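Please walk me through this structure in plain terms.

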Amino acid sequence: MSSEAVNKQTLARIKAEYLARYEIEMDDWSAIILLDNQAQFQNMDSQLRAVLDENKKLNGKIKESVKTIQFSSIMEAFIHGLGKGLPYSITALILGILYYVYMSTYVDYQRIEDFVSAYENAPNYQALIREGETETTGGIEYLLLSPSKSGKYVFGKTYEFDSRRKLVKVPLHRKN
């Protein structure tokens, strides 16, 4: 038989099955499209079966490579889990602490550097900042200084009043 005869016989069979099932006569083009769809579905079915077979093989390999562990007690399982996760937890904790210390030191250093660069005279006030005393009265903070005796200065703690210019002079450091 030729392929043309097989195709005509196949088309006749498809049309007959359709007529028997739905009691509607099918034209040749619809039968050809249905035949083509069946061929495509058979091709897809064979590809799907090949993929499923490959999936079964891989699933078997995965099951072979997985090792199950059974413990005799909850405590034994806990210690096993602790031994697996504890080094990572300790490492993360140490890194977190180091990061916190670094960032807090960096932020403090950055604030000090910004302050010093904003106020060029800031290093001159070190003694005043280090030795100065403050007092808060009525919500206002005051710097406490004592009058100096002539020629006896305590940097950051004493002042000298210049009555001629009506100024208070606070000795900060001695220039050489």
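Which residue is the bridge partner of E133 in β2? The partner is L144.

E133 and L144 belong to a pair of strands. Strand β1 covers residues 133-137 and strand β2 covers residues 140-144. The two strands run antiparallel, and five bridges join them. A further bridge links T136 to E141 in β2. Together β1 and β2 make a hairpin, with two residues between the strands. In the turn sits G138, which has a positive phi of about 60°.

A positive phi also turns up in residues other than glycine. Phi of E23 is near 55°. E23 lies in the loop between α1 and α2, the latter being residues 28-65. With a relative accessibility of 70%, E23 counts as exposed, because the cut-off for that class is over 50%. K166 also has a positive phi, near 55°, and is a residue other than glycine. K166 is found in the loop between β4 and β5. Its relative accessibility is 67%, so K166 counts as exposed.

Strand β4, made of residues 158-162, runs antiparallel to β5 and is joined to it by three bridges. Within this pairing, D162 stands opposite L167 in β5.

Strand β4 also contains T158. Is T158 buried or exposed? T158 has a relative accessibility of 7% and therefore counts as buried, the limit being under 20%. Apart from neighbours within four places in sequence, T158 is in contact with L145, S146, S148, Y153, V170 and P171.

The helices come next. Helix α3 runs over residues 74-118 and has 45 residues. From its first C-alpha to its last it reaches 62 Å, close to the 66 Å expected at 1.5 Å a residue. The helix is bent: at G85 the bend is about 40°, and a proline, P87, follows within four residues.

Helix α2 contains Q38. Q38 has a relative accessibility of 35%, so it counts as partly exposed. Between the C-alpha atoms of Q38 and D28 there is a separation of 15 Å, for residues that are 10 apart along the chain.

Y18 and Y22 both lie in α1, four residues apart, about one turn of the helix. An α-helix has 3.6 residues a turn, so residues three or four places apart point the same way. Y18, at 28% relative accessibility, counts as partly exposed. Y22 is partly exposed too, with a relative accessible area of 45%. Another pair is formed by F115 and Y119, with ring centres 5.0 Å apart and planes at 50°, so this pair is tilted as well. F115 has a relative accessibility of 43% and counts as partly exposed.

It remains to ask how far the model can be read. The mean pLDDT of the chain is 84, and 96% of its residues reach 70 or more. Among the elements of the chain, α2 has the highest mean pLDDT, 89, while helix α4 (residues 126-131) has the lowest, 76. Where pLDDT is low, the predicted coordinates should not be read in detail.

Methods
Residues are numbered from 1 along each chain as its sequence is written. This is a predicted model: local features need pLDDT of at least 70, side-chain atom pairs count only at pLDDT 80 or more; totals for chains, interfaces and linings use all residues. Side-chain values use heavy atoms; hydrogens and water are left out. Two strands pair if DSSP finds at least two bridges between them. Buried means under 20% relative accessible area, exposed over 50%, partly exposed in between (1.4 Å probe, protein chains only). Rings of Phe, Tyr and Trp (its six-membered ring) pair if their centres lie within 6.5 Å; planes under 30 degrees apart count as stacked, over 60 as edge-to-face and the rest as tilted. The expected span of a helix is 1.5 Å times one less than its number of residues. The bend at a residue is the angle between axes fitted to the seven residues ending there and the seven starting there. Contact means heavy atoms within 4.5 Å. pLDDT is the predictor's confidence in each residue, from 0 to 100.
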